Amino acid sequence: MVNSITTIGQNLSEITASTQVMNGSVEEVASVSEESAAGIEQTAASVQQTSSIMEEVAGSSKHLADLAEELNALVGEFKL
């Protein structure tokens with residue numbers, strides 16, 4: 001009976017140690033997940049900012065093309 005109680009005590013100690021190791025692993029996974037989420041949010045914000053900038057560039061390019069066309073028409077009126 002004493003041997004059984006000793007064995008049960010040892011098993012409980014091993015279970016406790018394993019649980020602590022597992023808890024540490026779960027905390028590490030949670031931390032990495034939080035870091036990943038932050039990185040994804042930052043990437044999404046960068047993509048949105050880049051998209052906005054590209055829209056501005058496209059608008060500026062269109063305006064510049066319109067001005068170039070207008071300038072061509074004006075220069076075409078001159079005869080040398």
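1. Of the 80 residues in this chain, 0% count as buried. The structure is a predicted model, and the points below should be read accordingly. The accessible surface of the chain comes to about 7,300 Å². Carbon and sulfur atoms account for 62% of that surface.

2. The secondary structure is simply described. The chain has one helix and zero strands. The radius of gyration is 34 Å, well over the 12 Å that the globule rule gives for 80 residues, so the chain is more spread out than a compact globule. The helix, named α1, covers residues 2-76.

3. The overall dimensions may be considered next. Along its principal axes, the C-alpha trace spans about 115 × 15 × 10 Å. Ser-51 and Glu-27 are 24 residues apart along the chain, and their C-alpha atoms are separated by 36 Å. Val-57 and Leu-71 are 14 residues apart in sequence, with a C-alpha to C-alpha distance of 21 Å.

4. Two of the residues just named deserve a further remark. Ser-51 lies in helix α1. With a relative accessible area of 36%, Ser-51 is partly exposed, because residues between the 20% and 50% limits are placed in that class. Val-57 also has its place in helix α1. The relative accessibility of Val-57 is 41%, and this residue therefore counts as partly exposed.

5. How many salt bridges does the chain contain? The count comes to one. Side chains of opposite charge can pair when their charged atoms come close. Here the partners are Asp-66 and Lys-62, whose closest N and O atoms are 2.9 Å apart.

6. Asp-66 and Lys-62 both lie in helix α1, four residues apart, which is about one turn of the helix. Are the two partners buried or exposed? Asp-66 is partly exposed, with a relative accessible area of 37%. Lys-62 has 52% relative accessibility and so counts as exposed, the limit for that class being over 50%.

7. Which residues make the nonpolar surface patch? Ile-8, Leu-12 and Ile-15 make this patch, and its area is about 290 Å². Of these residues, Ile-15 lies in helix α1.

Terms used:
Residues numbered from 1 in each chain as written. Predicted model: local features only at pLDDT ≥ 70, side-chain atom pairs only at ≥ 80, totals over all residues. Heavy atoms only, no water. Patch = residues over 30% accessible without salt bridge, like charges linked within 9 Å, V, L, I, M, F, W, Y side chains within 5 Å. Areas by Shrake-Rupley, 256 points an atom, 1.4 Å probe, with all protein chains shown as cover. Salt bridge = Lys/Arg side-chain N within 4 Å of Asp/Glu carboxyl O. Helix = DSSP H or I, 4+ residues; strand = E, 2+ residues; numbered from the N terminus. Rg over C-alpha atoms; globule rule 2.2 N^0.38 Å. Buried < 20%, exposed > 50% of the residue type's maximum accessible area, 1.4 Å probe, protein only.
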